[in-house]
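Here's a quick briefing to read with the model open beside you.

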Amino acid sequence: MHLHPRTALGAAAALLAATAISACGSSSTTTHAAAPAATSASPATTGTASTAATASAASSATNVPGADLHANHGAGKGPTLLVYSAQGYDINTVKAFSAATGVPTELVDDSTGPLLARIQAEKADPQWGLLWVDGATAFASLDQQGLLRKGLQVPPLNAAGEKVVPSDHSFVPTGITMGCTAIYNAKLLPNPPKTWAGLLSASLKGKVGMNDPAVSGPTYPCVAGIMQMMGGVSAGESYLKKLKANGLHVSQTNGDTLHLLTTGQIALGLIQSSAAIGAAATTPGLKVDFLPDLTVLPSAIGVDAKAPAAVQAEAQKFISYVLSPAGQHQMQTGDPTGDSLYWPVAPNTAPKSELPAFSSLSSQTINPYTWGAREAAINGWFTNNIAQ
Amino acid sequence: MSVLTPARRRVGSLRIPRVRPRLGLSTVMFTVLAVLVIVPIGAFLLVSVSPRLFVQGHQWFTLEYFGQAFSGASLASLSRTALVGVGSALLAVTCGLPLALLVHRTNVIGRRLWSVGIWALLLSPSYLVAIGWERLFEPAGVLDHAGPLLTSVATFGRGPLYGPVGIILVDGLKGVPFAYLAVSAALPGLGSSFEHAARAHGAGRLGALRVVLPIIAPAIWTALAIVFAETISDYGVATTLGYDSQYFLATYALYNAVYSIPLSFPLAASIGCTLVGLAGIALFAQRRALNGRAYRVLSGRTRPCSRHQFRPLGQVVAVGVVVVFFLIALGVPIVGAVSASLLTNDGSIFGGSGLTLHYYAEVLRDGALTAPLLYSLKLSLICAAVVMVLSVPVARLLTRQNTGPVGRVLDLVLLGAVALPSLVMAAGYILIYNLPLMHSLGLALYGTTFLLTLAYIAGALPNNSRILVGPLAQLDDGLLTSARTHGASGPVAWARVALPVLSRYVVWVWLYCFAGTFFELPISEFLYPPGKFPLSVMINKELSNYHYSEGSAMEVLSVLGALVIVGVVLALYRLLAPRGWRQVGAAQS
């Protein structure tokens with residue numbers, strides 16, 4: 001069958017018009033992604049199962065052109081709470097929160113870097129309601145720029161949680177992981193080192209790896225923690241230089257370091273505890289070791305200082321929900337081999353069975369404001385002296 | 001702005017020009033490009049000197065960030081980027097030109113298969129290609145486990161791979177489809193008559209080649225420019241092989257400025273300006289090389305050329321060359337995909353490693369891919385349709401003679417847009433379309449599917465228009481004039497004369513735009529509406545939540561799905577397009 005050119009042109013024009021109408025229609029007629037549901041969300045049992053929830057939610061999301069995102073009203077129940085989150089368990093938690101409280105909530109899920117970049121780009125007219133990511137230094141940076149609402153109500157926390165609440169209550173911890181947890185290849189390294197000095201031994205030459213703090217957000221607190229533990233920036237730099245001289249491999253992310261480990265290119269990697277414990281649970285032969293004075297790496301929530309009061313109130317509700325037993329259940333089941341492997345800061349909540357008791361670990365906290373201010377300089381130094 | 005153009009009125013048997021106002025093509029297209037491309041990119045780049053304009057700092061005017069971009073590590077990364085861009089462009093054209101000639105002008109066996117191979121290479125994300133190479137050559141990698149001989153190969157090749165040579169190799173191979181498409185688009189003008197004329201006047205094979213190759217010079221330069229611009233804006237190779245080689249490129253520095261604390265949009269914008277500057281240099285070189293010459297060889301007198309018939313030995317050599325090329329260009333990324341998605345335990349050394357389809361089954365079973373895939377599919381179809389229509393007039397503007405400084409600026413803007421990572425476009429869209437002014441004007445588009453679609457179109461239009469520059473540059477205006485002389489109006493003349501000539505390349509534009517949009521990440525990340533996950537964002541979420549195998553399986557399934565659509569569209573074109581359309585430029589067997 002052959003088309004006459006005019007017919008073909010007409011068909012092309014019709015296709016174009018149809019698709020354009022479709023585009024407009026798609027953005028104006030759908031309903032809220034996480035609008036309150038009739039039944040509460042059932043906890044996902046696997047990480048990929050949780051993405052199915054996303055897919056389902058995504059298929060019915062709302063976008064109203066010509067309207068401020070905060071002003072999007074969900075069935076007359078108040079303004080939409082826009083959650084920016086990098087947590088593996090955020091999809092099911094947001095959905096469950098909306099179902100439990102009736103607050104219309106929408107989610108933008110991404111890695112920490114792109115989320116912070118989005119917030120930066122939105123500065124002229126912020127759209128986000130709350131930010132939920134790992135690492136107190138990121139929140140300290142936002143707080144110092146005046147982007148966070150101070151004086152948040154902090155629900156009751158356990159002792160570990162209380163330690164990481166900032167004095168101005170500009171963010172609230174929701175769980176704890178550890179930076180620079182050692183994960184090792186038991187085949188290559190049957191007797192892993194028990195001290196930081198042990199990583200400098202000749203037997204580990206060329207066999208240790210870690211992430212680049214300039215790329216991997218959760219690695220900066222680890223580097224800052226090493227410096228604090230060693231007695232200051234200079235002493236920390238000296239230690240890291242020795243590690244480099246001993247053949248330290250620097251990768252960009254946890255995944256890259258784990259790949260070096262599983263393929264035998266290194267014998268021990270220093271990564272975030274949730275990634276380490278998850279990898280050890282799924283990959284035979286990998287084991288986790290906790291060196292002394294590990295740096296506490298809290299996940300936390302901060303609220304947009306410029307958000308309307310009603311949105312801030314909804315964000316406060318979200319914080320309370322997340323630290324409630326129902327919220328903790330969502331967090332602990334949403335990403336079972338990843339971010340769900342955290343130590344709870346909510347009182348009377350036990351960590352998942354894969355984790356040792358928090359009290360059995362030797363840990364330290366860093367001041368996010370002090371060390372956050374040094375982040376650019378230290379990352380630059382690391383890039384020029386350790387990564388290269 | 002309106003342009004006065006002559007129309008015609010009939011007086012007796014004479015046609016007398018009548019002047020009436022008409023909105024010129026240039027005006028319309030400049031307006032479209034301004035809204036879609038120039039203003040958002042310009043806004044972001046403006047932040048480099050005036051951060052306060054968009055609340056990105058306290059200075060109204062500063063050159064501090066340009067100082068940073070032109071010093072130390074940033075300057076070094078810029079020079080590395082230029083080197084990689086030039087090397088990759090040369091490599092891509094060196095491979096793409098003979099490949100296009102073999103497929104379109106010879107009877108080499110498996111021509112359709114090789115065409116599919118080119119599309120597969122085009123669809124392969126650059127980071128996957130780079131990872132494939134690393135998986136082969138890394139210490140304890142695939143080659144190290146494949147016997148002493150291949151271990152020696154890995155040991156020998158590892159040094160060059162982790163450095164500029166390897167990066168140019170990977171970027172160059174990834175650029176081959178661009179070169180192939182650009183050159184293929186020009187081949188209709190390369191009729192056998194030119195070669196025969198040269199031979200008749202005593203030229204040998206080399207002499208005939210010297211006559212013939214300049215005819216497709218615009219396409220070759222277009223290919224060089226596109227591959228150069230695509231390479232210097234590529235992030236996939238920069239963040240994998242580039243980082244692992246500690247050979248930092250400008251795009252890596254730009255992304256770091258945007259994504260790492262402390263975020264610095266002004267520094268990223270300054271680095272972006274340097275990339276536009278590099279594109280400008282490439283454009284200047286292209287213009288100097290072509291020296292304003294016209295290459296309009298595709299006219300009513302163009303005759304189909306014949307395919308070169310290989311003898312058996314020649315056939316074996318030709319097929320061997322093509323097979324080796326695809327083994328290297330496609331086989332390696334396939335290794336990357338296999339090692340990432342088909343091996344249990346990430347191919348660990350613990351003895352538990354083996355082939356499995358578990359991750360594919362899991363992805364298909366829980367349906368995680370369905371909604372994002374359909375969402376991205378819909379937007380890709382829309383974007384491809386719009387870009388297909390817009391790219392023709394834009395390319396027409398680019399190929400017009402005597403456009404003066406405006407044309408040159410347009411050329412620079414479009415190539416500059418290709419040379420900039422799409423992250424710049426995305427950030428620019430937020431800066432402009434999230435301004436309170438836009439909200440008060442009732443244009444609060446940020447956070448909507450509509451704005452995401454606009455950004456996709458803006459991101460795809462510049463490089464897709466360039467694909468059409470080659471064939472349009474060869475289209476003799478005499479063809480259109482003849483049609484007008486015979487009474488056809490402008491649009492009808494275009495539909496009856498130019499469209500048949502361009503139809504194949506317009507379909508290619510649709511396919512390329514579709515594929516590019518389907519997997520686009522930076523624009524999607526910045527602009528996707530809350531709750532509506534595009535495919536690339538969903539895959540990225542899987543990967544960053546440590547579900548590497550599931551994420552890779554999603555990626556492979558998506559590439560396969562996109563390939564099916566590409567195949568269907570090509571088949572439909574073959575089935576539905578008039579035979580005459582398909583035979584324009586086709587060689588006779």
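What pLDDT does chain A average? This is a predicted model, and chain A averages a pLDDT of 82, with 80% of the residues scoring at least 70.

**Where to be careful**
- Over residues 1–67 of chain A, pLDDT stays under 50.
- The model still has 158 contacts beyond four places in sequence for residues 1–67 of chain A.

**Two domains**
- Chain A splits into domain 1 (47–56 + 67–177 + 297–358) and domain 2 (181–296 + 361–387).
- Their C-alpha centres lie 27 Å apart.
- The contact takes 25 residues from domain 1 of chain A and 21 residues from domain 2 of chain A.
- On the domain 1 side, α4 (112–121), α5 (136–144), β4 and β10 of chain A each supply at least two residues, and α5(A) gives the most, with six.
- By class, that side of domain 1 of chain A has 13 nonpolar, eight polar and four charged residues.

- A:His169 has a phi near 55°; you'll find A:His169 in the loop between α6 (159–162) and β4 (171–178) of chain A.
- A:His169 has 14 other C-beta atoms within 10 Å, so A:His169 is partly exposed.
- A:Asp293 also has a phi near 55°, and sits in the loop between β9 (286–289) and β10 (294–303) of chain A.
- A:Asp293 counts as partly exposed because it has 17 C-beta neighbours inside 10 Å.

Notes
Residues are numbered from 1 along each chain as its sequence is written. Chains are lettered from A and ligands numbered from 1 in the order in which they are written. This is a predicted model: local features need pLDDT of at least 70, side-chain atom pairs count only at pLDDT 80 or more; totals for chains, interfaces and linings use all residues. Helices (H or I, at least four residues) and strands (E, at least two) are DSSP runs, numbered from the N terminus. A residue is buried if 20 or more other C-beta atoms lie within 10 Å of its own, exposed if 12 or fewer, and partly exposed in between; C-beta atoms are placed from the backbone. pLDDT is the predictor's confidence in each residue, from 0 to 100. Two residues are in contact if their C-beta atoms, placed from the backbone, lie within 7 Å. Domain bounds come from an automatic or database domain assignment. Ala, Val, Leu, Ile, Met, Phe, Trp, Tyr, Cys and Pro count as nonpolar, Asp, Glu, Lys and Arg as charged, and the others, Gly among them, as polar.
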